[in-house]
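Subject: Structure handover

Hello,

Here is the structure I promised to pass on. Please open it alongside this note, as the findings follow below.

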Amino acid sequence: MFLRPSVAIALCGAIGLTACTSPNNLGSNNRNTASGAVIGGLTGAVAGLAATGGEARGAALGATLGAGVGGIIGSQMDRQAAALRQSVGDSRITIERQGDVLLVRMPQDILFSSSSYSVNPAIQADLAALAANLNQYPNTTAVVTGHTDNTGSATSNQQLSLRRAQSVVEILVSNGVARSRLTATGRGEDAPIASNLTPEGRALNRRVDIVIRPNG
């Protein structure tokens, strides 16, 4: 598609605007926020073009608005991640920012006994802390996904992984999180993050992943 010079200039301006907050120009604490601004700026530029029939002024306006929205979302997710790290007590629970979502990873061995989907009492305080964090940031939703290793049949692993995800959701709901914000899924043995050929790898694959994302 050929762009008229005015449109091309506007898009370049949009890229330049978002580049001002490029992750490469910031400290590590601000890189995720900057990434949100970059994505938001480019998305806003395209939206501005569409909304105004391709006029450069619309692209520039869209870039400005999009960068602002992206930066706000990124900043919120940074704050939510920092608050969650402070409130979770078990160091085996990892909290990682991936773009504009948070990945909270809980090893199965701290959540459940072997072949069980009853949540261990010792971990419920950390699940309560997660629930409090979700309630502190109500403009987010969470997908809770259970995973297993490849021991046993694929069918039983799928069922077990789903029941474990549902058990975690029930704990979050019992701590005040609206059920409408939560989704439980089970992947069984289909999404390993390590080799199932070693005990260490199988232990890594047995987990519950909670992906927290902003609404919209």
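Predicted model: local features only at pLDDT ≥ 70, side-chain atom pairs only at ≥ 80, totals over all residues.

**Salt bridges**

Arg 179 is partly exposed, at 46% relative accessibility. Its partner is Glu 170: the two side chains meet in a salt bridge, 2.7 Å from N to O. Glu 170 is also partly exposed, with a relative accessible area of 40%.

Two others deserve a look. The side chains of Arg 92 and Asp 90 meet at 2.9 Å, N to O. Is each of these two buried or exposed? Arg 92 is exposed, because its relative accessible area of 52% is over the 50% cut-off. Asp 90 is buried, because its 15% is under the 20% cut-off.

The other is the salt bridge between Arg 206 and Asp 109, with the closest N and O atoms 3.4 Å apart. Arg 206 sits in the loop between helix 7 (199–205) and strand 5 (207–214), and Asp 109 in helix 4, so this pair ties together parts that are 97 residues apart in sequence. Asp 109 is partly exposed, at 45% relative accessible area.

**Overall layout**

The chain has seven helices and five strands. From the N terminus, the order of elements is α-α-α-β-β-α-α-β-α-β-α-β. Of its 216 residues, 43% count as buried.

**The strands**

Start with strand 1, residues 94–98. Its side chains alternate. Ile 95 and Arg 97 point to one face and are buried.

Strand 1 runs antiparallel to strand 2 (residues 101–107), and five bridges join them. Gln 98 has Val 101 of strand 2 as its bridge partner. The two strands form a hairpin with two residues between them. In this hairpin, Gly 99 takes a positive phi near 65°.

Strand 3, residues 140–147, is mostly covered, with six of its eight residues buried. Which strands does strand 3 pair with? One is strand 5, which runs antiparallel to strand 3 and is joined to it by eight bridges. Here His 147 has Arg 207 of strand 5 as its bridge partner. The other is strand 4 (residues 182–188), which runs parallel to strand 3 and is joined to it by six bridges. Val 143 stands opposite Thr 183 in strand 4.

**Helix 5**

Helix 5 covers residues 124–136. How does its length compare with what 1.5 Å a residue would give? Its 13 residues should span 18 Å, and its end C-alpha atoms are 18 Å apart, so the two agree.

The buried residues of helix 5 are Asp 126, Leu 127, Ala 129, Leu 130, Ala 131, Asn 133 and Leu 134. An α-helix has 3.6 residues a turn, so residues three or four places apart point the same way.

Take Ala 129 as one example. Ala 129 is buried, with a relative accessible area of 13%. Ala 129 and Val 88 are 41 residues apart in sequence, but their C-alpha atoms are 6.2 Å apart in space.

**The largest pocket**

The largest pocket has a volume of about 260 Å³. Two elements give two or more residues to its lining: helix 4 (108–111) and helix 6 (154–174). Helix 6 gives the most, with six residues.

In total, 15 residues line the largest pocket. Those nearest its centre are Ser 114, Ser 115, Asn 157, Leu 160 and Arg 164. What kinds of residue make up the lining? Two are nonpolar, eight polar and five charged.

Ser 115 lies in the loop between helix 4 and helix 5. Its phi is near 65°, a positive value in a residue other than glycine. Ser 115 counts as exposed, at 62% relative accessibility.

Best wishes

Notes. Residues numbered from 1 in each chain as written. Heavy atoms only, no water. Helix = DSSP H or I, 4+ residues; strand = E, 2+ residues; numbered from the N terminus. Expected span 1.5 Å × (residues − 1). Buried < 20%, exposed > 50% of the residue type's maximum accessible area, 1.4 Å probe, protein only. 1 Å grid on protein atoms, 1.4 Å probe; cavity = no way out; pocket = protein on both sides within 12 Å on 5 of 7 lines; lining within 4 Å. Points joined across faces, edges and corners; volume = space filled by probe spheres on them. Nonpolar A, V, L, I, M, F, W, Y, C, P; charged D, E, K, R; others polar. Salt bridge = Lys/Arg side-chain N within 4 Å of Asp/Glu carboxyl O. Pairing = 2+ DSSP bridges.
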